[in-house]
Amino acid sequence: MLLPNAERAEIDADKLRGYLLSLTHPVGRFKARFFAALGYSADDWQTLDADLRIQHLSQDAEPGAVTSHGQPYTIRAILKGPSGESAPVVSVWFVRRSAQAPHFVTAYPGD
């Protein structure tokens, strides 16, 4: 199943730029090294935004356990970066009960 309302997905620029692609963030820096190897950088965070929308939101999403706040989803798919390198990546999305658009939570190296 595809992520509901994937065309309206919300991805916070600060989540990408200040966490996932930040080489100095206390937690995010470990993920940033992985994404840097694929050719992504905090200076060009828009490329990761676009690639997640094109390469991940078009893939099957696995629903997680519904919480009082809403429905989580996980997408496991190959992400091809600007460097031409590809790797499996897991992206996590959440649809709040009070909203219909999925919200990007995080991404990390897949298995």
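The model is predicted: local features need pLDDT of at least 70, side-chain atom pairs count only at pLDDT 80 or more, and totals for chains, interfaces and linings use all residues. Residues are numbered from 1 along each chain as its sequence is written, and side-chain values use heavy atoms, leaving out hydrogens and water.

Select residues 13-20, helix α1. Helices (H or I, at least four residues) and strands (E, at least two) are DSSP runs, numbered from the N terminus. Within α1, Ala13, Leu16, Tyr19 and Leu20 are buried, meaning under 20% relative accessible area (1.4 Å probe, protein chains only). An α-helix has 3.6 residues a turn, so residues three or four places apart point the same way.

Next, show α2 (28-37), α3 (45-56) and β4 (103-109); the buried residues of α1 pack against these, with contact meaning heavy atoms within 4.5 Å.

Keep α1 and α3 in view. Their axes come within 9 Å and cross at roughly 120 degrees; axes are lines fitted to C-alpha atoms, for helices over the stretch in contact, and angles run from 0 to 180 degrees between N-to-C directions. Ala13, Leu16, Arg17 and Leu20 of α1 make the contact with Trp45, Leu48, Asp49 and Leu52 of α3.

Finally, select His103 in strand β4. Is His103 buried or exposed? His103 is buried, with a relative accessible area of 19%. Not counting residues up to four places away in sequence, His103 touches Glu10, Val92, Trp93, Phe94 and Arg96.

Notes. Buried means under 20% relative accessible area, exposed over 50%, partly exposed in between (1.4 Å probe, protein chains only).
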